[in-house]
Amino acid sequence: MAAEPFCQDRGDNLRVTILGSGTPFPTIERFGPSTLIEAGGQKLVVDAGRGVTQRLWQLGIPIGSIDAVLLTHLHSDHTVGLPDVMLMGWLPPAFGRRTVPLALYGPEMSSELARGIEAAWARDIEIRAEDEDLDPAAAKFQVTEIEPGLVYDKDGLRITAFPVDHGALITPSYGYRIEYKDHVAVISGDTRYDERVAQQAAGAGLLLHAVIGFKPSTIAAHPQLQRIVDHMASTSDVNRIARAAKAELTVLTHITQMPPDPPSLDEMLAEIRQDYSGRVEMGKDLFCIDIGEEVNSGMRE
């Protein structure tokens, strides 16, 4: 008998799939930041980086079946795929078929972002609505601008937004705590060291944390890169957070290897595992974490 495909719907489980584990670097190996949440038949996407629609359809998940998109903050690498989710999810082929506006949750000014997307493609929407007999009301966003606290509560799936420190100018910026049937996953969003992440992730099944790896010699030779480093959690920062949170599994995403002399993934992982005996894994696109009675991880099939 063939083995059951990994990370499929098992009823009471909470599933987290990394759709994009990359950064603004336009590489084909790691698409832009995006994470799929599945629980109780619901499908939500946290952030919509470059390539989010391709990864969804690669998994056989219709873009039109996404119930909501949640944004951690409004940096372009986290939002550049948002027009694709809204527009392609609206079209009639099997990858689309959404018939209602796309629910969007995000920080203040998310409404301006949504209205700008609708305006930019207004002529396309007008043409397709008439030419393909589509309801233009579905080619829109239904926006909820969020504040810290409970932002989503439906059929047992609860999502709480909490502020994180991504720098003084990048506010508000949020992480998310996801709860379903006593299972908990925490997504850090983009942040430098912030003890609030550890507090939210204390004892969770999963902590999904962004990370930047760099060599001090690189920063010494290129001091302008310090501005980037200062906005993100280093490997030592993630080590501190993981040791404080003691989540059952910590997975790295939004993985930055600072050029021109980047550390290897193995070097970054070794630094995070230093003096920490908990489970830590390096994420990649289509890496899935299945949170049930046990927390299992692997490439999604």
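Reader: Which residues in helix 8 meet which in helix 9?

Author: Contact means heavy atoms within 4.5 Å. From helix 8, T235, V238 and N239 meet M268, E271, I272 and R273 of helix 9. Helices (H or I, at least four residues) and strands (E, at least two) are DSSP runs, numbered from the N terminus. By class, this contact of helix 8 with helix 9 has three nonpolar, two polar and two charged residues. Here Ala, Val, Leu, Ile, Met, Phe, Trp, Tyr, Cys and Pro count as nonpolar, Asp, Glu, Lys and Arg as charged, and the others, Gly among them, as polar.

Reader: What is the basis of the model?

Author: The model is predicted; local features need pLDDT of at least 70, side-chain atom pairs count only at pLDDT 80 or more, and totals for chains, interfaces and linings use all residues. Residues are numbered from 1 along each chain as its sequence is written, and side-chain values use heavy atoms, with hydrogens and water left out.

Reader: At what angle do helix 8 and helix 9 cross?

Author: Two packed helices are described by the angle between their axes and the distance between the axes. Axes are lines fitted to C-alpha atoms, for helices over the stretch in contact, and angles run from 0 to 180 degrees between N-to-C directions. The axes of helix 8 and helix 9 (residues 265-273) cross at roughly 40° and come within 8 Å. The two helices are therefore oblique to each other. Angles under 35 degrees count as roughly parallel, over 145 as roughly antiparallel, 65 to 115 as roughly perpendicular and the rest as oblique.

Reader: How do helix 2 and helix 3 pack?

Author: Helix 2 (residues 82-90) and helix 3 (residues 110-120) pack at about 55°, with axes 11 Å apart. That makes helix 2 oblique to helix 3. L82, P83 and M86 of helix 2 meet L113, I117 and E118 of helix 3. Those residues divide into five nonpolar, no polar and one charged.

Reader: What is the strand order in the open sheet?

Author: Strands of a sheet pair through backbone hydrogen bonds, either parallel or antiparallel. Two strands pair if DSSP finds at least two bridges between them. Here seven strands run in the order 7-8-9-10-11-12-13, with mixed pairing. Strand 7 (149-154) and strand 13 (279-282) stand at the edges, each with a single partner strand, so one side of each lacks a neighbour in the sheet.

Reader: In which sense do strand 12 and strand 13 pair?

Author: Strand 12 (residues 249-257) and strand 13 pair in the parallel sense, over four bridges. The bridge partner of L252 is M282 in strand 13.
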